[in-house]
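Good morning, and thank you for coming.

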Amino acid sequence: MRSGVSRMRLYCFDRTFFHSSHSLNPIQLPAPMETHLWYVKPSEVKSESLLKQYLGILSPCERENVLRMQGEELRKGALLARSLVRTTIARYQTNSQIDPRSLKFQKNTHGKPEVHWQETDDWDPPPLHFNISHTSSLVACGVTINSQIGIDVEEKHRRTKHNTLSFARRYFSEYEVQFLAAISDPQVQQMEFIKLWTLKEAYVKALGKGFSGAPFNTFTIRFKEDTRTKASDIFVDSFDDVRSWQFSLLELANAHYAAICTEKHAASEGERNIPRKLRVWRTIPLLEDECVSGTDAITTICGF
């Protein structure tokens, strides 16, 4: 049997790397009203030696799960997802430098991953929350402090196997189905469907309950226009959830929709409507980072 790395059948960049193969640029933890979003495009990661490094920072269980997957594309996507989580969390400045290999994870009662910090008498672990999402062409990781987070990314031109409205009637609320039915252009209807799906996935992932604990048709995503700024805000109506949430819907890397859902926390009621700050990086873990906030790579459609 061939080795796990050979099974991945991944090819090399024909270029020289000038960055340290083991370095992570350190960064401060997000501020209380700030969200960080990191993303990597699998098509940009072509170095076999770099992919071997990614395998080396995974836990034995993670490595086994990656190599068990059928198909090179699926294996590479799973490898990048786990590597992005580990390298993203390890770069944040806590009490000391963190080796991404040393990070341990646990799951809540519904299966949502969380960092399992090694507590000591002289250090309280940071209240860091993260969430991961990926398609075949993009992997993203969102990070917050003191606030639950859920993210989802979808390709803008993703196609459903069934008629858009038929699919929506199966999974969406009545209000959302009516919203889509009022759109006469099939292409626009499909894109609005993807936006709603992305927002709903982000909300469910922020709740941390899983799809069985929060079926899509038990809550409604609504868009409300601010009459002063003409900008749209995003709200969720749910009978089972009394918490308050903030949403952002982005166009990411010119080809994807990205939805971010974060729980609102405020010291006083007057601060509850303060928008969150968002910082975004394109990365190739252990090789290069580029802050793309405020560039053409990121377009805010609505939300914070």
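The chain has eight helices and 13 strands; helices (H or I, at least four residues) and strands (E, at least two) are DSSP runs, numbered from the N terminus. This is a predicted model, in which local features need pLDDT of at least 70 and side-chain atom pairs count only at pLDDT 80 or more, while totals for chains, interfaces and linings use all residues. Residues are numbered from 1 along each chain as its sequence is written, and side-chain values use heavy atoms, with hydrogens and water left out.

Let me turn to the chain as a whole. Of its 304 residues, 48% count as buried; buried means under 20% relative accessible area, exposed over 50%, and partly exposed in between, with a 1.4 Å probe and protein chains only. The accessible surface is about 15,800 Å², and carbon and sulfur atoms account for 49% of that; the areas come from the Shrake-Rupley method with a 1.4 Å probe, and for residues only the protein chains shown count as cover. Among contacts (heavy atoms within 4.5 Å) between residues at least 6 apart in sequence, 64% join residues at least 24 apart.

Now to the helix pairs. How do H3 and H4 cross? The axes of helix H3, residues 60-68, and helix H4, residues 72-90, come within 8 Å and cross at roughly 155 degrees. Here axes are lines fitted to C-alpha atoms, for helices over the stretch in contact, and angles run from 0 to 180 degrees between N-to-C directions. H3 is therefore roughly antiparallel to H4; angles under 35 degrees count as roughly parallel, over 145 as roughly antiparallel, 65 to 115 as roughly perpendicular and the rest as oblique. From H3, Glu-62, Val-66 and Leu-67 take part in the contact, and from H4, Arg-75, Ala-78, Leu-79, Arg-82 and Arg-86. By class, this contact of H3 with H4 has four nonpolar, no polar and four charged residues. In this scheme Ala, Val, Leu, Ile, Met, Phe, Trp, Tyr, Cys and Pro count as nonpolar, Asp, Glu, Lys and Arg as charged, and the others, Gly among them, as polar.

Helix H7, residues 186-207, packs with helix H5, residues 164-171, at an angle of about 25 degrees, their axes 10 Å apart. H5 and H7 are therefore roughly parallel to each other. Their contact involves Thr-164, Leu-165, Phe-167, Ala-168 and Tyr-171 of H5, together with Gln-189, Gln-190, Phe-193 and Trp-197 of H7. Six of the residues in this contact of H5 with H7 are nonpolar, three are polar and none is charged.

H7 also packs with helix H6, residues 174-181, at about 155 degrees, with the axes 9 Å apart. H6 and H7 are therefore roughly antiparallel. Here Glu-176, Phe-179, Leu-180 and Ala-181 of H6 meet Gln-189, Glu-192, Phe-193, Leu-196 and Lys-200 of H7. The contact of H6 with H7 divides into five nonpolar, one polar and three charged residues.

Finally, the loops. Most residues other than glycine have a negative phi. Asn-146, however, has a positive phi of about 60 degrees, and Asn-146 lies in the loop between strand S5 (139-145) and strand S6 (149-155). Is Asn-254 buried or exposed? With 54% relative accessibility, Asn-254 counts as exposed, whereas Asn-146, at 46%, counts as partly exposed. Asn-254 also has a positive phi, near 65 degrees, and sits in the loop between strand S9 (245-252) and strand S10 (256-263).
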